[in-house]
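Please examine the following model together with its sequence. The paragraphs below treat the ligand site and then the salt bridges.

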Amino acid sequence: MKKILILDGSTRKQGNTSSLVKQFTDGAKNNASIEHILAKDLNIDYCNGCLRCNLIKRCSILGDDWNDLAAKILEADVLVFASPIYFHYVSAPLKLIIDRFRSFVHVQITEEGVKHTPWVKWEKHFVLLLSMGSSNAIDAQPVIDLFEYMKGVMGDNNRLHVIKATRLAVIKQITKSKEELIELYPKLKIRGDLAGGDFLRNKTLLKDCFELGYKLSI
Ligand SMILES: Cc1cc2nc3c(=O)[nH]c(=O)nc-3n(C[C@H](O)[C@H](O)[C@H](O)COP(=O)(O)O)c2cc1C
């Protein structure tokens, strides 16, 4: 059975990110074991840059939740990173986790550039479920760039799947009916005639999450 670990950077319950995660989970749950972790509920210290991981092959920080989480990350076949886009990036609780990934790799500074060698071979699917207020998915590009880089750092056998959900400003917006969007859009100063198309697009996005969950669970 596939192991799926969802690292969820949501900061509000029942937000748009949660809807993306729910659909992904529903798609996967019959075939995979799934653990869904809310990053903000963990006690994760920030990486202090001591670089001892280069010597001891694990993070030197003890006493927080990283060691348990690191074991789960290493075991997972599919790692889902779900986040609202905050200032073109992932939310802060998720960034704390990402920085600690430094301890999964040996890093060498060479004349040709920085060389990364994971301590163990990684062959995982990385999934990004990203929700943003902007109508233009360019706001999520720094996160996608980071994970393209991360995929390379962890080795060529890793794969990246991205779902970008745009124009989602208020809570539960992605699950609103067409009528609710027609009522909402003028308040957000968004053209009302976009509501119909957005309703269909939101439905498609949720379906995409479900189907990706299913595809990666088998
Ligand atoms: C602190 C903060 C920063 C944000 N920065 C961006 C941004 O840079 N680009 C964007 O498109 N949306 C931005 N947003 C909007 C959220 O990404 C968007 O509303 C998202 O759908 C929220 O997801 P949630 O419902 O799961 O909380 C920001 C929201 C907050 C609170």
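Which residue has a polar backbone atom 2.9 Å from a nitrogen atom of the ligand? That residue is Phe87. The model is predicted, so local features need pLDDT of at least 70 and side-chain atom pairs count only at pLDDT 80 or more, whereas totals for chains, interfaces and linings use all residues. Residues are numbered from 1 along each chain as its sequence is written, and side-chain values use heavy atoms, with hydrogens and water left out.

Two further polar contacts (pairs of N or O atoms within 3.5 Å) involve oxygen atoms of the ligand: a backbone N or O atom of Asn16 lies at 2.7 Å, and a polar side-chain atom of Ser131 lies at 2.6 Å. Alone, the ligand exposes 640 Å², of which the protein buries 77%; these areas come from the Shrake-Rupley method with a 1.4 Å probe.

In total, 16 residues surround the ligand, each having a heavy atom within 4 Å of it. Thr17, Ile85, Ser131, Ser134 and Asp139 are the closest. By class, this shell comprises seven nonpolar, seven polar and two charged residues.

Side chains of opposite charge can pair when their charged atoms come close. The structure has 12 salt bridges, each defined by a side-chain nitrogen of Lys or Arg within 4 Å of a carboxyl oxygen of Asp or Glu. Among them, Lys29 pairs with Asp26 at 3.2 Å, N to O, and Lys151 pairs with Glu148 at 3.4 Å between the closest N and O atoms. Asp26 is buried, with a relative accessible area of 19%, where buried means under 20% (1.4 Å probe, protein chains only).

Definitions and conventions. Polar contact = N/O pair within 3.5 Å; in protein donor to acceptor, adjacent residues only side chain to side chain. Nonpolar A, V, L, I, M, F, W, Y, C, P; charged D, E, K, R; others polar. Buried < 20%, exposed > 50% of the residue type's maximum accessible area, 1.4 Å probe, protein only.
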